[in-house]
Amino acid sequence: MTPIKYGAIRPDGYAFWGYTKKNGKSYECWLKPETYLRSRMSGTICNARKRASQKGLPFDLDIEYLLSIYPADGLCPALGIPMEWGGRLSQSDNSPALDRIVPDR
C-alpha cells in the first residue's frame, strides 16, 4: 500500500491530514476543505508570530484576516497558478507565503 501524500485532495474536496491509530489499527484522517485551509493558516500564523517575536517585530495578523484575503479559487493573485501547501511531509514551490513588511517604513 502506497502512503497517501499529505494534503492530497479527494474528488469530494476533502484533504488528507495524516494517519491516526485507534485500538492498534491505523485510520486515515481527512478534513473538509474549509477545515484543512483553517488548519494550514493556523500553522502559518503560529510560525510567523514566532519569527516576529524572535526578531523583535510587531505582529498583528490573525487567522480571520488571512482567510479573508485567501483567493476562493486557490490561484495565486500575482501569477495565476494554483497554490499548493508545502511543509510537513511535502514541499511545493507554489506554496502560499506571507511577505514580511518592515514596520519602520
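I looked up Phe16 and found this residue buried (under 20% relative accessible area; over 50% is exposed and partly exposed lies in between, with a 1.4 Å probe and protein chains only), at 2%. The model is predicted: I required pLDDT of at least 70 for local features and 80 or more for side-chain atom pairs, while totals for chains, interfaces and linings use all residues. I number residues from 1 along each chain as its sequence is written, and side-chain values use heavy atoms, with hydrogens and water left out.

I then listed ring pairs (rings of Phe, Tyr and Trp, the last by its six-membered ring, with centres within 6.5 Å; planes under 30 degrees apart are stacked, over 60 edge-to-face, the rest tilted). The count came to five aromatic pairs. Among them, Phe16 and Trp30 are edge-to-face, at 5.3 Å centre to centre and 65 degrees between the planes. Phe16 lies in strand β1 and Trp30 in strand β2, so this pair ties together parts 14 residues apart in sequence. The pair Tyr70 and Trp85 is stacked, because the ring centres are 6.2 Å apart and the planes are at 15 degrees. I noted both Tyr70 and Trp85 as buried. Ring pairs also link Tyr6, Trp17 and Tyr36 into a cluster.

I next checked the strands (DSSP runs of E, at least two residues, numbered from the N terminus; two strands pair at two bridges or more by DSSP). β1 (residues 15–22) pairs with β2 (residues 25–31) in the antiparallel sense over seven bridges. I found Thr20 opposite Tyr27 of β2. Two residues separate β1 from β2 in a hairpin, and Asn23 in the turn has a positive phi of about 55 degrees.

Terms used:
Helix = DSSP H or I, 4+ residues; strand = E, 2+ residues; numbered from the N terminus.
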